[in-house]
Amino acid sequence: MSETTSREGGGGNYAPDIPSHNLPPVEYRDLPEPKKLRNIVGASVIILATAIGSGEFVLWPYITSQIGLVFMWGAIVGFLIQYFINMEIERYTLATGETAITGFARFWKPWWWLFILFVMGQNFWPGWATGASTTLSYIFGFGDGAITYLTVAALIAIGIALTTSPVVYQTVEKIQGAMVIAIMAFVFVAVFVGTTGEGWGALFTEGVTQATLPIGQGGLGIALLLGALAFAGAGGANNLVQSNYIRDKGMGMGMRIPRVVSPITGEEEASEGIGFMFPQDVSNMRRWKQWWRVANIEQFVTFFVIGVISLIVFAVLTRSTVPPGQTEAADLEFIRVEGEALSNIIGPGFGIAFWAAGTFALFSTNLGIVDYTCRLIADQLNTNATRNSQFWTESKLYFAFVWIMVVLGSSILLFGFNQPLVLLIISSSVAGLQMFIYSGLLIQLNRKALPEGVRITGYRLVVMWISFAFFGFFSVILVYSVISENVFGG
């Protein structure tokens with residue numbers, strides 16, 4: 001590639017702050033003119049959709065069904081911290097066009113393949129698709145065997161949808177956008193017809209006056225609580241792939257990086273995943289401030305505001321229909337109980353609508369997770385391992401890993417490991433561990449690799465240190481718990 005040759009030839013004007021001992025140096029280019037807010041709305045809709053389909057619909061309502069709303073403070077804190085995490089991930093990509101993981105690898109090369117292992121450990125478990133089939137079974141009444149085969153069929157459908165889309169991001173954004181609209185419509189109706197005054201009152205009496213850290217209460221282990229904190233929002237590697245999404249959305253310096261397209265229906269363009277940096281002159285700094293402003297507004301409204309509202313409504317809906325301790329609620333059984341309660345209170349149609357909303361949310365979440373997992377893997381392989389290959393483009397790598405995920409996920413199910421809540425807890429606890437690690441890495445990246453005027457400072461830096469300590473605390477407890485139970489027997 002001519003771009004690669006020019007970077008490695010040593011004749012360019014390179015940004016001195018960005019390390020280049022592991023990857024080619026970053027050349028200077030002018031920052032593109034900012035887009036208006038209405039043109040970038042939707043850049044956060046994919047991670048919002050995956051948040052709704054995991055934490056908001058499953059983990060936090062499950063916690064509520066067991067112990068009430070005493071841990072809701074964790075959900076709000078988790079969402080707020082993730083807003084700041086996401087903006088630090090966006091900061092580096094807006095400024096350079098590179099993903100945050102590529103930035104990490106510039107400091108220490110093994111980070112790129114370690115994060116591939118992290119995302120595989122988090123997302124190769126098809127808990128969301130299994131959950132979608134399970135909630136669908138509450139409507140039509142088919143058994144466990146049918147759930148497994150229906151989930152395999154859903155995974156194959158996801159693979160077909162992702163690998164035949166001319167521009168993958170646009171397809172995923174449309175599907176996830178439709179899901180968010182449908183779920184928010186349900187949330188709006190649920191506020192008036194499904195929740196009770198007692199449920200909303202419990203948000204204060206339990207969520208504020210009885211707020212606690214409920215380790216061990218209601219049988220809730222540290223893995224579940226750490227996972228719920230991670231999935232109060234996007235969680236784990238999902239946050240990191242916000243880099244890829246805003247790049248494909250054409251935000252900031254990401255406008256200079258080719259998008260992922262289907263190798264079947266799209267026109268591929270080889271790209272090495274190496275970005276650019278803008279000179280800190282008056283014009284470029286003006287454009288930077290405008291990009292930073294609109295990106296913050298889009299993330300705050302799309303991700304934080306809508307996400308917190310939906311999480312609270314689903315939790316209060318559970319509190320209104322399934323009083324804590326009334327059911328043991330093994331796996332997703334609490335969702336069946338909740339739907340039956342809604343049918344008895346409001347009418348059969350609302351219970352069916354609740355299960356249908358869950359099916360749609362969980363299925364579209366699994367689609368988004370397959371997409372972002374393969375997007376992260378393909379980007380890092382393309383940047384670090386196949387950078388000079390004319391055949392292995394990012395799109396071909398993406399295509400290959402989509403079908404690897406479909407095959408592995410189907411194999412996991414066919415071998416009998418098909419309990420959706422267990423699968424989600426495994427995924428979410430791995431996500432929490434990742435967030436502890438990359439909170440610290442983002443501080444290093446955005447303090448040392450970016451020039452003054454662009455780097456992280458002030459209260460945002462304080463929040464990132466809080467994030468590092470917050471997820472570090474729960475991660476240490478989780479590791480201690482696992483070691484004490486499996487090594488020392490309790």
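Lys174 is exposed (over 50% relative accessible area, with a 1.4 Å probe and protein chains only), at 62% relative accessibility. Lys174 sits in helix 9, residues 168–193. Helices here are DSSP runs of H or I of at least four residues, numbered from the N terminus.

The model is predicted, so local features need pLDDT of at least 70 and side-chain atom pairs count only at pLDDT 80 or more, while totals for chains, interfaces and linings use all residues. Residues are numbered from 1 along each chain as its sequence is written, and side-chain values use heavy atoms, with hydrogens and water left out.

**Helix pairs**

Axes are lines fitted to C-alpha atoms over the stretch in contact, and angles run from 0 to 180 degrees between N-to-C directions.

| Pair | Angle | Axis distance |
|---|---|---|
| Helix 15 (residues 333–345) and helix 16 (residues 348–384) | about 150° | 6 Å |
| Helix 8 (residues 144–163) and helix 17 (residues 394–414) | roughly 180° | within 9 Å |
| Helix 4 (residues 72–96) and helix 14 | about 155° | 10 Å |

Helix 15 and helix 16 pack at about 150°, which makes helix 15 roughly antiparallel to helix 16; the term covers angles over 145 degrees. The crossing of helix 15 with helix 16 is right-handed, meaning that the near helix is turned clockwise from the far one by less than a right angle. Contact means heavy atoms within 4.5 Å. On the helix 15 side the contact uses Ile335, Arg336, Glu338, Gly339, Glu340, Leu342 and Ser343, and on the helix 16 side Pro348, Phe350, Gly351, Ile352, Phe354 and Trp355. By class, these residues are 7 nonpolar, 3 polar and 3 charged. Nonpolar here covers Ala, Val, Leu, Ile, Met, Phe, Trp, Tyr, Cys and Pro; charged covers Asp, Glu, Lys and Arg; the others, Gly among them, are polar.

Helix 8 and helix 17 cross at roughly 180° and are therefore roughly antiparallel to each other. The contact of helix 8 with helix 17 divides into 13 nonpolar, 6 polar and no charged residues.

Helix 4 and helix 14 pack at about 155°, which makes helix 4 roughly antiparallel to helix 14. Helix 4 passes helix 14 in a right-handed crossing. The residues of the contact between helix 4 and helix 14 comprise 20 nonpolar, 5 polar and 3 charged.

**Nonpolar cores**

A nonpolar core is a set of buried Ala, Val, Leu, Ile, Met, Phe, Trp, Tyr and Cys residues joined through side-chain atoms within 4.5 Å. The largest such core has 141 residues, of which Trp60, Phe104, Leu162, Phe278 and Trp288 touch the most other members. Helix 14 (residues 282–321) gives the most to this core, with 16 residues. Leu162 touches Val168, Val172, Leu367, Val370, Asp371, Tyr398 and Val402, leaving aside residues up to four places away in sequence. Another core lies apart from the largest one; it has 5 residues, among them Ala129, Leu155, Val406 and Leu413.

Helix 5 (residues 100–107) is largely enclosed by the rest of the structure, because 7 of its 8 residues are buried; buried means under 20% relative accessible area. The buried residues of helix 5 are Ala100, Ile101, Thr102, Gly103, Phe104, Ala105 and Arg106.

Asn384, in helix 16, is buried with a relative accessible area of 12%. Asn384 touches Leu23, Ala105, Lys109 and Trp112, not counting residues up to four places away in sequence. Tyr245, in helix 13 (residues 242–248), is buried at 0% relative accessibility. The C-alpha atoms of Tyr245 and Val463 are 218 residues apart along the chain and separated by 23 Å.

Val301, in helix 14, has a relative accessible area of 42% and is partly exposed. C-alpha to C-alpha, Val301 and Thr102 are 27 Å apart in space and 199 residues apart in sequence. Val462, in helix 19 (residues 458–486), is partly exposed at a relative accessible area of 48%. Val462 and Leu136 are 326 residues apart in sequence and 44 Å apart in space, C-alpha to C-alpha.

How values were computed
Helix = DSSP H or I, 4+ residues; strand = E, 2+ residues; numbered from the N terminus. Parallel < 35°, antiparallel > 145°, perpendicular 65-115°, else oblique.
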